[in-house]
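Subject: Structure for your records and notes on its contents

Dear colleague,

Please find below the structure that I am handing over to you. My notes on it follow.

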Amino acid sequence: MRRTMLFLPGNAPNMLINGDMLGADSVILDLEDSVDPGQKDAARALVRNVLNQKLYRKSEVIVRINPLDSEFWREDIEAVVPSRPSLLMPSKVGRAEDIRELDVFITQVEQKCGVKTGTIGLLPLLETAEGIENAREIALSSQRIVGLFLGGEDLTADLHARRTKEGGEIFYARSRIVCAARACRIEAYDTPFTDVNDEEGVRRDAQLARDLGFIGKAAISPRHVDIINEVFTPSEAEIDYAHQILEAIAEGGRLGKGAVSLHGKMIDAPVVKRAMQIVEMENAMAGGGLVD
Ligand SMILES: CC(C)(COP(=O)(O)OP(=O)(O)OC[C@H]1O[C@@H](n2cnc3c(N)ncnc32)[C@H](O)[C@@H]1OP(=O)(O)O)[C@@H](O)C(=O)NCCC(=O)NCCSC(=O)C[C@@](O)(CC(=O)O)C(=O)O
Ligand SMILES: [Mg+2]
């Protein structure tokens, strides 16, 4: 599980040093848009040092690399793969062919530096109209892919839409990404909410994402981390209700019924499936297994 994924600009030593103490399940060390083009070398060196020093003990480490149509992505990979981040996040992914090209290059770098082939996973960032439309093909393009990630800010620009707090302009993209990811039996992760000071806004946005099927969300500010963690963690009431559902259907089964009533609501197989997902999350959290 990756409930909260906190972006840390790759050229900001103060943020990188504190990143492991902020409660995020994952941190995304950024070499892309939060780093000025003139700072890319410095950011690569800093991120590599952070990885080598193993500063991150609580949070999973992901590195966001520059787009495949940029001059930077190969150097990004050469700089960080030897230090084995869990995942690379390629940005502005538009086509399955891009991922296949990336996969071949990562394999070459893994072999060159003695890292077992396939060690480095991929979490493609879809943030263009082309990427959203190709979501399923992208999800299927490499064994390394663990999920799909939505970037709402770039997408809005590409769509010539207006970014709103309600998110109507990215509703289709959110649904399409969740559907494509689940069709391929991987997970979907939601875009960050960019108003650092609006705590109610980030809560509403995270709740909407969870309702749609995302299992985690990016954050750009430490102030959003606890809120997002809370939204993507089943509440005690949800866990209690899930157990009631499992008991009710077990009792129904003993009477030969596939559908029963609980507090006036129908309980049948899909409701049981959802209850089991909640119980699985409860068990994962009890076992400390927040990152798969
Ligand atoms: C937004 C702001 C400038 C606000 O600054 P402010 O200074 O007003 O913040 P304050 O709250 O006052 O900071 C209080 C204290 O927290 C520290 N602190 C702040 N942020 C921290 C953090 N992230 N990690 C650790 N520490 C942090 C700070 O250093 C200070 O520490 P101290 O001085 O010791 O008190 C700042 O947060 C920031 O830079 N965020 C990261 C930005 C970033 O990475 N953008 C790229 C990813 S999105 C993207 O690319 C779009 C996307 O691609 C998305 C997609 O891909 O999904 C798409 O297209 O949609
Ligand atoms: Mg972006």
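Which residue in E5 is the bridge partner of Leu 87? The partner is Gly 121.

Please note that this is a predicted model, in which local features need pLDDT of at least 70 and side-chain atom pairs count only at pLDDT 80 or more, while totals for chains, interfaces and linings use all residues. Residues are numbered from 1 along each chain as its sequence is written, chains are lettered from A and ligands numbered from 1 in the order in which they are written, and side-chain values use heavy atoms, with hydrogens and water left out.

The sheet

Nine strands form an open sheet with parallel pairing, in the order E5-E4-E3-E2-E1-E9-E8-E7-E6. The edges are held by E5 and strand E6 (125-126); each has a single partner strand, so one side of each has no neighbour in the sheet. Strands (E, at least two residues) and helices (H or I, at least four) are DSSP runs numbered from the N terminus, and two strands count as paired if DSSP finds at least two bridges between them.

Strand E4 (residues 87-90) is covered on both faces, with Leu 87 and Met 89 buried on one side and Leu 88 and Pro 90 buried on the other. Buried means under 20% relative accessible area, exposed over 50%, and partly exposed in between (1.4 Å probe, protein chains only). Four bridges pair E4 in the parallel sense with strand E3 (residues 60-65), where Val 63 stands opposite Leu 88. Two bridges, also parallel, pair E4 with strand E5 (residues 121-122). A right-handed β-α-β unit is made by E3, helix H3 (residues 73-80) and E4. From E4 the chain crosses through helix H4 (residues 96-112) to E5, in a β-α-β crossover that is right-handed. Right-handed here means that, with the strands pointing away from the viewer, the path from the first strand over the helix to the second runs clockwise.

Leu 122 lies in strand E5 and is buried, at 0% relative accessibility. Its contacts (heavy atoms within 4.5 Å) include Leu 87, Leu 88 and Pro 90, as well as Ile 99, Leu 102 and Ile 106, not counting residues up to four places away in sequence.

Strand E7 (residues 147-150) runs parallel to strand E8 (residues 187-190), joined by three bridges; Leu 148 stands opposite Ala 188 in E8. H8 packs on the sheet and touches E6, E7, E8 and strand E9 (216-219), its direction making about 175 degrees with that of E7. Axes are lines fitted to C-alpha atoms, for helices over the stretch in contact, and angles run from 0 to 180 degrees between N-to-C directions.

Arg 174 is found in helix H8 (residues 171-183) and is buried, with a relative accessible area of 1%. The side chains of Arg 174 and Asp 190 make a polar contact (2.9 Å). Such a contact is a pair of N or O atoms within 3.5 Å; within protein, one must be able to donate a hydrogen and the other to accept it, and residues adjacent in sequence count only if both atoms are side-chain atoms.

The magnesium ion

Glu 127 (OE) and Asp 154 (OD) coordinate the magnesium ion (ligand 2) at 2.0 to 2.1 Å. The two residues are 27 residues apart, with Glu 127 in the loop between E6 and helix H5 (129-133) and Asp 154 in helix H7 (residues 152-159). Glu 127 is buried, with a relative accessible area of 3%, whereas Asp 154 is partly exposed at 25%. Donors are N, O and S atoms within 2.8 Å of the metal (3.2 Å for Na, K and Ca), and sites may look incomplete because water is not among the atoms.

Yours sincerely
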